[in-house]
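Open the model in your viewer and keep the sequence panel beside it. The tour goes from stop to stop, with a selection at each.

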Amino acid sequence: VSFSLLKVITNTPFSLHILLVGGESAKGKRPKEPGENKIKPVNKKVKPKIPKLKEKESTDSSSKSQSIMTQVMDKGRFQKPAATLSLSAGQNIELRCKGNNIRWSYPSYLDTFKDSRLNIKQLDRYGQLILVNSTAADTGEYSCWLQLCHGDNCKKDESKTGSTYIFFTDKGELFVPTPNYFEIVYLHSDKPAVIPCRITNPSAKVTLHREFPAEEIKTDGTNIIYDMKKGFIYQHPTSDHKGVVYCRAESQGAPQISIKYQLLYVEVPTGPPSTTIMASSSKVEGGDNVNILCTVLGEPDIEVKFGWMYPGQESERPVTIQDSWRLINRGIGHTTRISRSVIVIEDFETNDAGNYVCVAQNSRGQTTVATSVELA
């Protein structure tokens, strides 16, 4: 190839244009083949374009739940804590969660005794939780979240949370200690029941046992399962499960026994309170005393609250109201809670005649019943 002209043009100090003018010598010139001037494809790697929709989805999923928790390690190092941590009892731990208004959740044991080993602070950019001289009883879930507030209205920011379950291992305490030596577990046919024999060492082997007749209760992974963070779970409790049980744990040493659990089957159906009302008399002589009793039969662990409406209420007529409850056994292992509220009207008079209304309420709803008391 020969060139007849090389010309360099500079328009600005920062641009350089080189023009090559020329061609092949006339002597070696040949006619072009058809299609020779067409641009030939080049094997060039092109980065595939990702659809915008997918980009948006991936961005959304990553920002949906970002853990804001970090664990402070030695020598000023930080790391994201795993879903579960295993530390030796006696070790200190410091957790931090990013945000200017952080709330914490931790084993209720630490709150019950207002433990001075636990210290929680809110700094400018993060919340801090420090637990010193840990014990096996501190085993449990530690979590944090950012609290969003607008005036007095506050709510949890579900996109900014963090949590870790910490096992504080202790050879002498394979089960998480409890202040009780005996616990009652109520069995409901419509919800799972938990025997809360939690362990401090995740590698321990745990089994469930019935006291009488003495036997191991096999876990089948369907009806009865074991969760080391919760205990043994009866997925579909029945009256056949009632009785006294305990847990047994083994880990490189002598086996240990948990406290005992009394399993009581609840035969009362769930729902709003099953309520009755009865007056000591429906017709009362002037000057007599009258009692109106409101009674609820319910589940042993469901609290009932009472309210009354009566004829002399607006005029603030003095009355006496007493609430009480007790557990009764209706057959072996069958327990019912009886809740009662009684209103006493002394020196009954004309203004006291009318309808007496009792409102019983539990976590599942309320029931209203009424009775009439007239002046004889």
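Select the lining of the largest pocket and colour it by residue class: 16 residues are nonpolar, seven polar and five charged. Keep in mind that this is a predicted model. The pocket has a volume of about 640 Å³. Of its 28 lining residues, Val 176, Pro 177, Thr 178, Pro 196 and Arg 198 are the closest to the centre. Now show the secondary structure. Helix H2 (108-112), strand S11 (140-150) and strand S20 (256-257) are the elements that give two or more residues to the lining. H2 gives the most, with three residues.

Next, colour by domain. Where does the largest pocket lie? Domain 1 (69-169) and domain 2 (182-266) both give residues to its lining, so the pocket lies between them.

Move to strand S7, residues 93-98. Five of its six residues are buried. Look for Thr 70, which stands opposite Arg 96 of S7. S10 runs antiparallel to S7, and six bridges join the two. Ile 93 has Leu 131 in S10 as its bridge partner.

Which residue does a disulfide join to Cys 97? The partner is Cys 144, with an S to S distance of 1.9 Å. Cys 97 has 0% relative accessibility and counts as buried. Cys 144, at 1%, counts as buried too.

Now select Cys 197 and Cys 247. They form a disulfide with sulfur atoms 2.0 Å apart. The link is left-handed, with -60° about the S-S bond. Cys 197 sits in the loop between strand S14 (193-195) and strand S15 (205-210), while Cys 247 is in strand S19 (residues 243-250), 50 residues apart. Cys 197 is buried, with a relative accessible area of 2%. Cys 247 is buried at 0%.

For the last stop, select Cys 294 and Cys 358. Their sulfur atoms are 2.0 Å apart, in a disulfide. This link is left-handed, with -85° about the S-S bond. Cys 294 lies in strand S24 (residues 290-298) and Cys 358 in strand S28 (residues 354-362), so the pair ties together parts 64 residues apart in sequence. Cys 294 and Cys 358 are both buried.

Finally, show every disulfide. The structure holds four. With the bonded cysteines numbered in sequence order, the pairing is 1-2, 3-4, 5-6, 7-8.

Key: Residues numbered from 1 in each chain as written. Predicted model: local features only at pLDDT ≥ 70, side-chain atom pairs only at ≥ 80, totals over all residues. Heavy atoms only, no water. 1 Å grid on protein atoms, 1.4 Å probe; cavity = no way out; pocket = protein on both sides within 12 Å on 5 of 7 lines; lining within 4 Å. Points joined across faces, edges and corners; volume = space filled by probe spheres on them. Helix = DSSP H or I, 4+ residues; strand = E, 2+ residues; numbered from the N terminus. Nonpolar A, V, L, I, M, F, W, Y, C, P; charged D, E, K, R; others polar. Domains from an automatic or database assignment. Buried < 20%, exposed > 50% of the residue type's maximum accessible area, 1.4 Å probe, protein only. Pairing = 2+ DSSP bridges. Disulfide = S-S within 2.5 Å.
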